[in-house]
Amino acid sequence: MTRTGNRVIGLAMMMLVSAVIGTVVVAAAKSPAKPSAQSPLPTPPASAAPVAPTATPLPAKYVVLTFDDGPDLAYTPKVLDILATYDAKATFFEVGQSVRKHPELTKRIHAAGHSVQNHTWTHADLRHLGTAAFRQQITSTDQVIQAQTGSTPGCLRPPYGGVSAAVRQQAKALGKDLVVWTVDSRDWTKPGAPAIVRHVLENVQNGSVILMHDGGGNRTQTLAALPAILKALKAQGYGFRTLTC
């Protein structure tokens with residue numbers, strides 16, 4: 001091969017190498033860079049565990065205060081004020097027709113944390129009623145109480161404490177627990193406030209169910225006796241429970 005031919009071949013080889021190098025550089029420029037390893041995102045702090053509400057323990061030494069025959073516009077609000085003063089809860093056995101007359105009082109009783117239960121529609125003696133009349137007395141009262149409290153009473157106090165085999169059977173058929181009392185304050189006899197206080201304090205013991213009245217007649221003596229009863233019970237270490245059946 002001549003010298004001129006050698007120069008031509010060498011020049012061609014140099015051009016080929018340059019083209020190859022240029023292609024590699026362009027390809028490298030277009031290739032995306034490998035992503036750098038990223039640090040893991042910080043773990044968000046765990047939210048605080050919800051705190052369960054602390055239930056107020058029921059008093060071990062207690063009585064159950066009960067008030068019958070209301071609600072009454074003259075006396076029930078005053079009973080509620082006295083109970084609030086001594087931080088005492090009670091169970092109110094209400095007459096349905098009185099609830100219909102004063103629904104706002106039943107609502108107030110419930111809102112204050114007291115229990116509202118069934119005491120028939122007209123304060124009827126259940127021992128003398130047939131099945132249909134018995135049912136009407138109870139279910140009608142349930143309905144008006146439920147409308148004000150959102151709850152249907154499970155407890156039934158028969159007026160006059162009138163219990164018989166038939167009353168028990170019919171109450172059970174309606175899903176009611178009969179509740180009477182163990183200590184009668186005898187406020188319904190109007191013996192005077194000191195006698196009412198004495199009737200309660202001389203007979204009370206742990207777990208007693210105490211009968212008083214916030215309706216059905218003149219209850220000024222009950223109002224006069226109630227502060228002394230509550231003060232003495234608290235001084236003796238009694239707490240107050242309500243009834244829910």
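**Exercise 1. Arginine 108 and its partner**

Task: Work out whether arginine 108 is buried, partly exposed or exposed, and find which residue forms a salt bridge with arginine 108.

Solution: 
- Step 1. Arginine 108 has 36% relative accessibility, so arginine 108 counts as partly exposed. The cut-offs are these: buried is under 20% relative accessible area, exposed is over 50%, and partly exposed is in between, with a 1.4 Å probe and protein chains only.
- Step 2. Before going on, note that this is a predicted model, in which local features need pLDDT of at least 70 and side-chain atom pairs count only at pLDDT 80 or more, while totals for chains, interfaces and linings use all residues. Residues are numbered from 1 along each chain as its sequence is written, and side-chain values use heavy atoms, with hydrogens and water left out.
- Step 3. The partner is aspartate 81, and the closest N and O atoms of the salt bridge are 2.8 Å apart. A salt bridge here is a side-chain nitrogen of Lys or Arg within 4 Å of a carboxyl oxygen of Asp or Glu.
- Step 4. This pair links distant parts of the chain, with aspartate 81 in helix H2 and arginine 108 in helix H4, 27 residues apart. Helices (H or I, at least four residues) and strands (E, at least two) are DSSP runs, numbered from the N terminus.
- Step 5. Aspartate 81 is partly exposed too, at 42% relative accessibility.

**Exercise 2. The buried face of helix H4**

Task: Find which residues of helix H4 are buried and what covers them.

Solution: 
- Step 1. Helix H4 spans residues 103-111, and its buried residues are Leu105, Thr106 and Ile109.
- Step 2. Looking down the axis of H4, these buried residues fall within an arc of 100°, so they line one face of the helix. The arc is taken from the directions that run from the helix axis to the C-beta atoms.
- Step 3. Contact means heavy atoms within 4.5 Å.
- Step 4. After H4 comes glycine 113, with a positive phi near 95°.

**Exercise 3. The other salt bridges**

Task: How many salt bridges are there, and where do the residues of the pair arginine 157 and aspartate 68 lie?

Solution: 
- Step 1. The count comes to four salt bridges.
- Step 2. One of them joins arginine 157 to aspartate 68, with the closest N and O atoms 2.9 Å apart.
- Step 3. Arginine 157 lies in the loop between strand S4 (155-156) and helix H6 (165-173), and aspartate 68 lies in strand S1 (residues 62-70), so the pair ties together parts 89 residues apart in sequence.
- Step 4. Arginine 157 and aspartate 68 are both buried.
- Step 5. Another salt bridge pairs aspartate 125 with arginine 127, whose closest N and O atoms are 2.8 Å apart. Aspartate 125 is buried, at a relative accessible area of 15%, whereas arginine 127 is partly exposed, at 40%.

**Exercise 4. A disulfide**

Task: Find which cysteines the disulfide joins and why it is called right-handed.

Solution: 
- Step 1. Searching the whole structure gives one disulfide. The cut-off is a pair of cysteine sulfur atoms within 2.5 Å.
- Step 2. The disulfide joins cysteine 155 to cysteine 245, with an S to S distance of 1.8 Å.
- Step 3. The torsion about the S-S bond of cysteine 155 and cysteine 245 is about 100°, so the disulfide is right-handed.
- Step 4. Distant parts of the chain are linked by this pair: cysteine 155 is in strand S4 and cysteine 245 in the segment after strand S8 (239-241), 90 residues apart.
- Step 5. Cysteine 155 is buried, with a relative accessible area of 0%, but cysteine 245 is partly exposed, at 43%.

**Exercise 5. Two rings**

Task: Find how the rings of phenylalanine 67 and phenylalanine 92 are arranged.

Solution: 
- Step 1. The structure holds one aromatic pair. Rings of Phe, Tyr and Trp (its six-membered ring) pair if their centres lie within 6.5 Å; planes under 30 degrees apart count as stacked, over 60 as edge-to-face and the rest as tilted.
- Step 2. The ring centres of phenylalanine 67 and phenylalanine 92 are 5.3 Å apart and the planes are at 20°, so the pair is stacked.
- Step 3. Phenylalanine 67 is in strand S1 and phenylalanine 92 in strand S2, 25 residues apart.
- Step 4. Phenylalanine 67 is buried at 0% relative accessibility, and phenylalanine 92 is buried with a relative accessible area of 0%.
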